[in-house]
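Subject: Structure handover

Hello,

The structure is pasted in under this paragraph, sequence included. My notes on what turned up follow after it.

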Amino acid sequence: MNASSSASIKNQDLKDTTRAKKLWFSFIVDHWKIYLLGFSSVLLTAFVQVLSTRIMGWILDFFASKDSFPFEFLYLKPRKDQFLFLFSILLGAKVFQMISRVGWRLTLGRQTHKASAQLRRDIWDSVRMFPVKDLNSRFTKGVLMSLSTSDVNSARFVYGFSLVALADFLFLGIFTLVTMFTINVSLSLWSLAVLLFLPPLIRYLSNAEIIRYGNAQKYLGEFNDLCSQVIATIRLQRVTQTGEFWRARMIEEADTYRHKRLDAVNTSLLYIPTMGATTIISLSVLFIIGIQYVLAGKMSIGDFVAMQGLVFLLQDPLFELGFIISDWKKGITSLTSLCEVYDNPQDRVLNADETIEVHNEKETLYVEGLKFQFEDSDTPLFENINLSLEKGKRLGILGPIGRGKSTLVDILCGLRRNHEGVVLFNGHRFKMLEHNQLRSIIGHVPQKPFLFAASIRDNIKIDKDLNDQQIWEYLKLACLDQDIKNFPDGLDTPLGEWGINLSGGQKQRLTLARALARAPEVLFLDDCLSAVDTLSEEKILSNLNRHLKGKTIIWVAHRQSTLKYCDEVLELG
Amino acid sequence: MNQKQSFLEADEQDDKNIKKNALSDVKSFKYLLKFAAPYKFQFIFSIAAMMMSSFFTLSSARLMGSFVEDGLLARSYKESAFYAIAIVSVSAFSFLFMWLGRKLLTKYSSLAILDIRKVLFQHLQVLPIFFYDTQPQGRVVTRVTHDVEGIEQFFTSTLGRLVSALFLTTMSISAMLLTNFWLGLALVGSVFPAIIFIYFTRNIVRNVNRRMSKDSSALNSKLSEFINGLSVIRSFGLEEWSNDEYEVAVSTHERSQLDANFLYGWSRPLISFLCTTPIILLVWFGGKEVLAGTMGVGVFVAFVRYCERFFNPIMTLAREVHVIQQAFTSAERVVSFLEHKPEESVLGINGLIKDEHTMQGRIDFDNVWMSYNEEDWILKGLNFSIKAGDKIGLVGRTGCGKSTTVNLISRLYEFQKGDILVDGVSIRLFNREYLRSMIGFVAQDPVLFRGSFAQNLSPMKNVSKEEILYQCDTTGLSKIMHKNGFTLDTEIFEGGSNLSVGERQLVALTRILINNPKILILDEATANIDPAYEKIIHEAINKVMVGRTCLMIAHRLATIEHCDRIFVFDEGRLVEEGSREELFNLKGYFHNLHTAQF
């Protein structure tokens, strides 16, 4: 998976980014007022920033000679008033700078969060409709998780910070240059010329930084998985005396991670010599040319000092240009990957050809000549299956592990449709029936229990409105009421990583109770009591048989004893 | 289960208690400093380099003043050139030393962090199993991962910036005070509003950051959970519901981000503004002095440069204050984790009997009582004896005490009354590591890791290839490897994902043969086996059992068909004991189990 996902990231450079750009553009257009406001704030910030540097130059000039003052209308005023005027501009500039900074942070900065939330919303909005098999191939959990975290984060930049940087670059760069040119043209040209190496260098550094931090972060993820695995299996390590081995393994991985992180931090530290070189080059140019100009009387000392400040100010936009290009590319690439999730086709199970109201027919299931074969297999998993199941009857499906029982159940309850032969549910093909209605009629308890990280109550309720009394009733049917009464928090007991760990049998019984709580007309039980002890299993089976009178049940097992209540048994394999 | 839950809460309080117990920031930081001790010379050197760098930076500001006053104003080409060259070289040194210092600091910090990780990993191995039963797994994982990252983040990135910022500030202050004491003092004093502001908003900043990271991980877990459960969502038609639930998580996260954006949106520019007060004051007061002729323009220029140096360090502080706080919190947690008592405290001093003892495998339980909390007894006066080489099946309902019995033999828990004897010697007199190495354990899901077959088969010991291959032949693993074209050097993927469950179980069984224990415990070892492997695994198990005392925990009676005797447990007592036929004829507990299943 790792190899393929990194390959796909590389390929994305070549992929068409039009879709991503359109998505980006429409968001900007939809919020054009905020973006306009934000842009103006950035403009103001940049303007004020250049202005305050210029003021320092004026002030110095004003101090250095008695007759130099840049504002004609104050020429004849006393020096004290002139000073007061310059000081007010300085103070005003600083205050405006603060206000305009608040301005763009609360507009453009805010939009990046709003955009990222929307991108995240759209991920699940699309993934919830995915065919389940896509999660095993193209969009594995790892891929989707990293899309939702790192890709959304880098896409976020193009919705705000890239724009701030761009505006900053344009305005600050142009303002600085213009101001510089008004002071001294040739010195400005020289300073600009020697700094042109910066943008490509910064772009290179920034790319390297992103990649290396990404590598370190990815490795950290794997390392954390290892830690979780070690902690989860600590008991087994203790009894098998393999703890020492795992400890050595963790240290080894920790050291590899250390190197990767060091690599990343050292890349960031490369900005120090880069800045150093830039400073030295700018200073050298400034001194070599500037000293001559000043001593030759072509330039005032105040102008020289202002020029020095401006040259350093010019470094910022040039640095920024590198970042802008790199962030923009990365952001659009991430947005393109996200678009692939948004455009992935839905599970065909979700779309009915024409919706027919499901009526309670006498015959719940009718199957004729059913054959199924996996795409990558040469032989069919099963073929020529025929059956007819009347409403209220119990069908058993028996067979050893690995003979396709679960696949058959998936087909019979309409969750898998790529089979040959006829399958009719209440007299209709599944594709004629609407998904949500179908699911409210059919209950399915899978072999491997899956529970949500929520309280026991919420795991049973999910989207249904049930009172505690009803919940206890279903728990009792699944023989889980006693276990839960022993938990101090009862129905409020949390499950999941931060909650209590249920045993395999308890989990299975809880998933059964959850399915029962949805009061299905047809219930599929896919070997769902394999980890429950024999006595409890027996009790549950008789509970179900009694409680679900009149409902249809399809029971799957690899042991005959489980199927004692069945009217007929289909043997596989 | 009952007392597990109360321990969950107890520890939650324990976490809160840390503050009350006055395990103060300073104390935990002192503890962490111990990890820096081995590298103290390197640390001192790198800090010295950064100090030098700050010194050079400041010198360049001072030189810039002289350059203007003595060079340009004096219209001296020679002086100007001299100062220009001095400024350029001093700047070059400043960047060079900074780079060097930061690189060294990062490197040695990362080594110190590695040492912290090593100590934590070691601690995981010596904590009593009881500790793991009573802590949510998530919390232990967080201590070892996230909390160390908090410390790491601080040491490898923030500390460097902070140290150099601190020096720069200190030196700027000294330079200003030396140049013009009262003006300097006034300017230094004027930064205090910024610092006070940062100090008083630090908790708000921390809470905002915490909320963001909490909401962000909640959002990530939700996505991960829903991805895992997509098939359940599909089969229940919960697509709409899941979208609503996810929307709540996204919006909560969004709101906390927007709140943070608002906080930073006004506070950062305000801090920037407060940081520029020195310049404004300088122009106001200094300007008046210059106008009055009591201060030189050169001094004024130098002061402008000093004031500019103030700006960045304080902004750094404002930006990184939450990282610093996080590091303190993380340090506290890591230290309190390391203070949890090791196995020794529960199980007593390790016994002395080890290698020289040749274990036979006889096991006796003599009126053993066991409880996790001295109140609810899990085992109530258990008595039995197992001859060396006997095969015993243990059956009973969940919670009947059969797993506890097995765990006591491995010394995972302490028992309170009675005694357990191995080869007639009290189990407490054995060296725990030796005892455990003499017990083989086959679990339902064997643990495999990324590494070659040879490493997986013999992770600890250096066993010869011939020996490994010989044992592979015995269990039948060789045949499977041959069929799939695997050799001992073939890489097994993480968790053994390139092998089937049956193949993984065969690896685990071969591993046992190589370790050659005298006692074997099988915990539902054949539960998930694919039919193609059922026969071969059964044969392998039969071979592995030869010459060892075997205890088989079984939920399914078919598993224990070949046992010499079967122990039936109920509520911490041994209620029935005997061969399969004997028990069946008793028409008691075992009979009930049997009829329910067949």
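Two terms come up throughout: helices (H or I, at least four residues) and strands (E, at least two) are DSSP runs, numbered from the N terminus, and two strands pair if DSSP finds at least two bridges between them. This is a predicted model, in which local features need pLDDT of at least 70 and side-chain atom pairs count only at pLDDT 80 or more, while totals for chains, interfaces and linings use all residues. Residues are numbered from 1 along each chain as its sequence is written, with chains lettered from A and ligands numbered from 1 in the order in which they are written.

Chain B, overall

Chain B holds 23 helices and 12 strands. Its C-alpha trace spans about 115 × 55 × 50 Å along the principal axes. The radius of gyration (over C-alpha atoms) is judged against a globule rule of 2.2 Å times the number of residues to the power 0.38. A compact globule of 598 residues would come out near 25 Å, but chain B has 35 Å. Of the 598 residues in chain B, 41% are buried. Here buried means 20 or more other C-beta atoms within 10 Å of the residue's own, exposed means 12 or fewer, and partly exposed lies in between, with C-beta atoms placed from the backbone. Two residues are in contact if those C-beta atoms lie within 7 Å. Among the contacts in chain B with a separation of 6 or more, 80% join residues 24 or more positions apart.

A hairpin in chain B

Strand β11(B) (residues 565-570) pairs with β3(B) (residues 391-395) in the parallel sense over four bridges. One of the bridge pairs is Leu394(B) with Phe567(B). β11(B) also pairs with β12(B) (residues 573-578), in the antiparallel sense and over five bridges. Asp570(B) stands opposite Arg573(B) there. β11(B) and β12(B) make a hairpin with two residues between them, and Glu571(B) in the turn has a positive phi of about 50°.

The contact between the chains

The contact takes 113 residues from chain B and 112 residues from chain A. On the side of chain B, the largest share, 23 residues, comes from α4(B). By class, that side has 60 nonpolar, 37 polar and 16 charged residues. In this count Ala, Val, Leu, Ile, Met, Phe, Trp, Tyr, Cys and Pro are nonpolar, Asp, Glu, Lys and Arg are charged, and the others, Gly among them, are polar.

Nonpolar cores

A nonpolar core is a set of buried Ala, Val, Leu, Ile, Met, Phe, Trp, Tyr and Cys residues joined through C-beta atoms within 7 Å. The largest has 130 residues, of which Ile59(A) and Ile151(B) touch the most other members. Helix α4(B) (residues 77-126) supplies the largest share of this core, 16 residues. Leaving aside residues up to four places away in sequence, Ile59(A) touches Leu86(A), Val283(B) and Gly287(B). A second, separate core of 68 residues includes Ile439(B), Phe449(B), Ile521(B) and Ile566(B).

Two sheets in chain A

An open sheet of five strands runs β6-β7-β8-β3-β9 in chain A, with parallel pairing. Its edge strands, each pairing on one side only, are β6(A) (442-445) and β9(A) (568-571). The twist averages 15° from one strand to the next; axes are lines fitted to C-alpha atoms, for helices over the stretch in contact, and angles run from 0 to 180 degrees between N-to-C directions. β6(A) pairs with β7(A) (residues 522-526) over four bridges, and Val445(A) stands opposite Leu525(A). Helix α18(A) (residues 504-517) packs on this sheet, touching β6(A) and β7(A), and its direction makes about 175° with that of β6(A).

Another open sheet, antiparallel, has four strands in the order β2-β1-β4-β5 in chain A. Its edge strands are β2(A) (382-390) and β5(A) (428-429). β1(A) (residues 363-372) and β2(A) pair over six bridges, with Glu363(A) and Glu390(A) as bridge partners. Helix α13(A) (residues 405-412) lies across β1(A), β2(A) and β4(A) (420-425), at about 130° to β1(A).

Six of the eight residues of α13(A) are buried, so this helix is largely enclosed by the rest of the structure. They are Lys405(A), Leu408(A), Val409(A), Asp410(A), Ile411(A) and Leu412(A). The elements covering them include β3(A) (394-398), β7(A) and β8(A) (552-557). Just after α13(A), Gly414(A) takes a positive phi of about 80°.

Regards
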